[in-house]
Amino acid sequence: QVQLVESGGGSVQAGGSLRLSCAASGPIFRINSMGWYRQAPGKQRELVGTITSGGTTNYADSVRGRFTISIDNSKNTVYLQMIGLKPEDTAVYLCTADLYFHDYPGPKDGPGYNSMTAWGKGTLVTVSS
């Protein structure tokens, strides 16, 4: 199965920096895009940013200018470089990927792959003031 595993979370003081990584593994045919969401206690999940395999990015207004998303297509890995962290950035950060995976066995006349959105389990980022 396809798996996403995040790493790089931790505890930092306000103004600090962290770099999150998310590696996708498994029967991946092609990744269309990857991204990051975050969810704080008592809050709904919100988009942090996304990046296509071609490098097109979009960001939430709350992180624009402070967070940078990048992707290494050869490694099926997305990164989130976070600088100028604020206490309100405290959340579980979840990685997601929009991808095609190998569909074996599938219909004989099928393409041999199918699409899915995969999610990681999350990594905790805590920013103290």
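Accessible area here comes from the Shrake-Rupley method with a 1.4 Å probe. On that basis, the protein chain exposes about 7,000 Å², and carbon and sulfur atoms supply 49% of it. Keep in mind that this is a predicted model.

**The overall picture**

- Reading along the sequence, you get β-β-β-β-β-β-β-β-β-β-β.
- The C-alpha trace spans about 60 × 30 × 20 Å along its principal axes.
- Of the 129 residues in the protein chain, 37% are buried.
- Take the contacts between residues at least 6 apart in sequence: 57% of them join residues at least 24 apart.

**The nonpolar core**

- The largest nonpolar core has 31 residues, and the members that touch the most others are M34, W36, L80, M82 and Y93.
- Several strands give two or more residues to this core: β3 (18–25), β4, β5 (46–52), β7 (67–72), β8 (77–82), β9 (91–102) and β11 (123–128).
- Strand β9 provides the largest share, with 5 residues.

**Aromatic pairs**

- There are 3 aromatic pairs in the count.
- One of them is F29 with Y113, a stacked pair at 4.7 Å centre to centre and 10 degrees between the planes.
- That pair links distant parts of the chain, with F29 in strand β4 (residues 28–39) and Y113 in strand β10 (residues 113–119), 84 residues apart.
- F29 counts as partly exposed because its relative accessibility is 43%, between the 20% limit for buried and the 50% limit for exposed.
- Y113 also falls in the partly exposed class, at 31% relative accessibility.
- Y37 and W119 make up a tilted pair, at 5.1 Å centre to centre and 55 degrees between the planes.
- Y37 lies in strand β4 and W119 in strand β10, so this pair ties together parts that are 82 residues apart in sequence.
- Y37 is partly exposed at 24% relative accessibility, and W119 is partly exposed with a relative accessible area of 36%.
- F29 and Y113 turn up again with Y100, as the three form one aromatic cluster.

**Arginines over rings**

- R19 has its charged end over the ring of Y79, 4.2 Å from the ring's centre.
- R45 lies over the face of W119, at 4.7 Å from the ring centre.

**Two buried residues worth a look**

- S21 lies in strand β3.
- With a relative accessible area of 19%, S21 counts as buried, because the cut-off is under 20%.
- Not counting residues up to four places away in sequence, S21 touches V5, E6, S7, W36, V78 and Y79.
- R66 sits in the loop between β6 (57–59) and β7.
- R66 is buried too, with a relative accessible area of 13%.
- A polar atom of the R66 side chain lies 2.9 Å from the backbone oxygen of S62.
- Again leaving out residues up to four places away in sequence, R66 touches Q81, M82, I83, G84, L85, K86 and D89.

- Most residues other than glycine have a negative phi, and most peptide bonds are trans.
- The peptide bond from Y104 to P105 is cis, with omega near -5 degrees.
- You'll find P105 in the loop between β9 and β10.
- N76 is not a glycine, yet N76 has a positive phi of about 50 degrees.
- N76 lies in the loop between β7 and β8, and with a relative accessible area of 23% N76 is partly exposed.

Notes: Residues are numbered from 1 along each chain as its sequence is written. This is a predicted model: local features need pLDDT of at least 70, side-chain atom pairs count only at pLDDT 80 or more; totals for chains, interfaces and linings use all residues. Side-chain values use heavy atoms; hydrogens and water are left out. Rings of Phe, Tyr and Trp (its six-membered ring) pair if their centres lie within 6.5 Å; planes under 30 degrees apart count as stacked, over 60 as edge-to-face and the rest as tilted. Helices (H or I, at least four residues) and strands (E, at least two) are DSSP runs, numbered from the N terminus. Buried means under 20% relative accessible area, exposed over 50%, partly exposed in between (1.4 Å probe, protein chains only). A charge sits over a ring if NZ of Lys or CZ of Arg is within 6 Å of the ring centre and within 35 degrees of the ring normal. A nonpolar core is a set of buried Ala, Val, Leu, Ile, Met, Phe, Trp, Tyr and Cys residues joined through side-chain atoms within 4.5 Å. Contact means heavy atoms within 4.5 Å. A polar contact is a pair of N or O atoms within 3.5 Å; within protein, one must be able to donate a hydrogen and the other to accept it, and residues adjacent in sequence count only if both atoms are side-chain atoms.
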